[in-house]
Amino acid sequence: MQGMMMNRPLSIISILDYAAEAHPDSGIVSVRTEGDTHRTTYRDTYKRVGKLAHALEKLGVKPGDRVATLAWNGYRHFELYYAISGMGAVCHTINPRLSAEQMIYIVGHAEDKVIFVDTTFLPILEALRDHLPADLRIVVMTDRDHLPDTKLDVLVYEDLLDGEPETYDWPDLDENTAAGLCYTSGTTGNPKGALYSHRSTVLHALMVAAVMGGALGQGVNVLPVVPLFHVNAWGLPYAGPILGINLVMPGPALDGPSVYKLMDSENVYSAWGVPTVWMGLLGEIEKQGKPPKGFGDVVIGGSAAPRTMIEAFEKMGINVNHAWGMTEMSPIGTHGVSPPAVDDLPFDKKIDVKAKQGRRVFGVDLKIVDDDGNRQPHDGKAIGELFVRGNAIVSGYYKNEEASAKAIDAEGWFGTGDVASIDPDGYLTIQDRSKDLIKSGGEWISSIDLESAALAHPGIANCAAIGVAHPKWDERPVLVAVAAGEDKPSLDEIRETMAEHFAKWQLPDDVIWVDDLPLTATGKVSKLNLRQQLSDYKHPEVA
Ligand code: AMP
């Protein structure tokens, strides 16, 4: 027997439509590239989003077209999230930290029609213009007075909105219509596109709202330091308007002192971001002798939150939520919201729980399997590859059959590539990555890509790129290399050879020369062994 309930398609624009009416005075505070602070409400934002949809239509954007953004966290980026998906097109967020090669690849692969760019990132487009599709339209996200000199043929964001009507006849879309596209560079080879739908995005927003709703209600100020240009800022641009919280958007200023100042002046209660950012903030808190005013809650994810960091925040009375997820999961998978019983534990025991990656959010199923695909018990001891299943998890990759076929197992679960255990209380612990990726400042660097680029130098016979713990960046790549002859090339010479394929920050910080690389039983370079050898290594600038 079927239920007798209406079947309204889930749509992203309905979130803002709701917020404009139910939380009209909550909204967005943005530090702008123009240098000032901008304030708006969800009610006014909805009107500008209507104008923007008309402007997109005039630019020739059609349902299904990909429209790219290359921008910081700010109200215009937020408007693009809603206007692009609302009219049935796909918002393709580009991570400005990608290398030129990766950026050219993804703009071509996504076949973007228009790209919206913050003034800060205009030089990136100027450098790449000749390699991007000739008919790609460029819109600079500012007004005419702040438009920098550029040799590019560009349109101006505020000019496009001028004079457009504030209401837009939003189409009734099938809820499975594509809404967002985000490429992950988490593995070797070309970046792979996670293509979110309206349905997955709205369900994910509700999942995030459900897990955070207890702490965050109407009018509470929340700072997403996690970028809108990658992993949907952990769903906050969608969960935020549902809850009626105020989003405090930091723009380009992500260093400790700037984040501290913004949090203090805007009375931010909850702040979300990767460990690197919190290291900077903790440094500033130490200098100031007190945490920013009103700060009570921090969400740490993207990389494992170091125990010392969790302790530091908790000692100040700031509640730590340790979250885990990935681009392919929209991205939240688990969340460390602790039951009151955890807060009552002795301090050390409490930190033990908080150092784990939290419990799954509603709508995400977890399983761990051994090498043969057999399910392992959730007993806190068994370790296996982590697989996930749910409504906000990819079923494959955009226009990439080969990667799609590899991503999903016979039971329909997505393989995360992480190795984990799950304890009887449901807490996930990420033990390691099955692939030896390096994560620097919250961003991935492929060790295998680094190695193949370094091997292009004739002075290197063999090498391995290892992520070595770094006090500021979580990890930095170090190259362990075997010289091809008597004359060893300098680090600068090696980096020069590799620079063609990588952004500067992705290049190794050091090269360590060895006679031979350790091998595993199957003849592969043993990175585990190398990591052990490098456990006492100090990076040149922190030694
Ligand atoms: P991304 O798709 O860039 O968000 O990267 C996802 C990957 O980051 C996951 O598969 C994990 O390897 C890693 N990751 C994310 N959050 C955590 C965490 N809290 N602890 C450890 N690793 C994490």
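This section describes the domains, the ligand site and selected strands and helices of a predicted model.

Residues are numbered from 1 along each chain as its sequence is written, and side-chain values use heavy atoms, with hydrogens and water left out. Because the model is predicted, local features need pLDDT of at least 70 and side-chain atom pairs count only at pLDDT 80 or more, whereas totals for chains, interfaces and linings use all residues.

The domain assignment divides the chain into domain 1 (9–196), domain 2 (361–433) and domain 3 (437–533). These bounds come from an automatic or database domain assignment. Between the C-alpha centres of domain 1 and domain 3 the distance is 36 Å.

The ligand is surrounded by 15 residues. The closest are Ala323, Thr327, Gln357, Asp418 and Trp444. Polar contacts are pairs of N or O atoms within 3.5 Å; within protein, one atom must be able to donate a hydrogen and the other to accept it, and residues adjacent in sequence count only if both atoms are side-chain atoms. Ala323 places a backbone N or O atom 2.7 Å from a ligand nitrogen. Thr327 has a side-chain N or O atom 2.6 Å from a ligand oxygen. For Gln357, a side-chain N or O atom lies 2.8 Å from a ligand nitrogen. On its own, the ligand has 500 Å² of accessible area, and the protein covers 94% of this. Accessible areas come from the Shrake-Rupley method with a 1.4 Å probe. The shell holds six nonpolar, seven polar and two charged residues. Here Ala, Val, Leu, Ile, Met, Phe, Trp, Tyr, Cys and Pro count as nonpolar, Asp, Glu, Lys and Arg as charged, and the others, Gly among them, as polar.

Helices (H or I, at least four residues) and strands (E, at least two) are DSSP runs, numbered from the N terminus. Two strands pair if DSSP finds at least two bridges between them. Three strands form an open sheet in the order β15-β16-β17, with antiparallel pairing. Strands β15 (324–325) and β17 (359–360) are at the edges with a single partner each, so one side of each has no neighbour in the sheet. Antiparallel strands β15 and β16 (residues 332–335) are joined by two bridges. Trp324 sits opposite Thr334 in β16.

Strands β1 (residues 27–31) and β2 are antiparallel and share five bridges. Val31 has Thr37 of β2 as its bridge partner. The two strands make a hairpin with five residues between them, and Gly35 in the turn has a positive phi of about 105°. Strand β2 (residues 37–41) has His38 and Thr40 on its covered face, and Thr37, Arg39 and Thr41 on its uncovered face.

Burial was assigned by relative accessible area: buried means under 20%, exposed over 50%, and partly exposed in between (1.4 Å probe, protein chains only). In strand β9 (residues 192–197), five of the six residues are buried, so the rest of the structure largely encloses this strand. Strand β8 (residues 178–184) runs antiparallel to β9, and six bridges join them. Tyr183 is opposite Gly193 in β9.

Helix α8 (residues 236–243) is mostly covered, with eight of its eight residues buried. Among them are Leu236, Tyr238, Ile242 and Leu243. Helix α2 (residues 42–58) contains His54. This histidine, His54, is buried, at a relative accessible area of 18%. Its side chain reaches the backbone oxygen of Thr167 at 2.7 Å.

How values were computed: A residue is near a molecule or strand if one of its heavy atoms lies within 4 Å of it.
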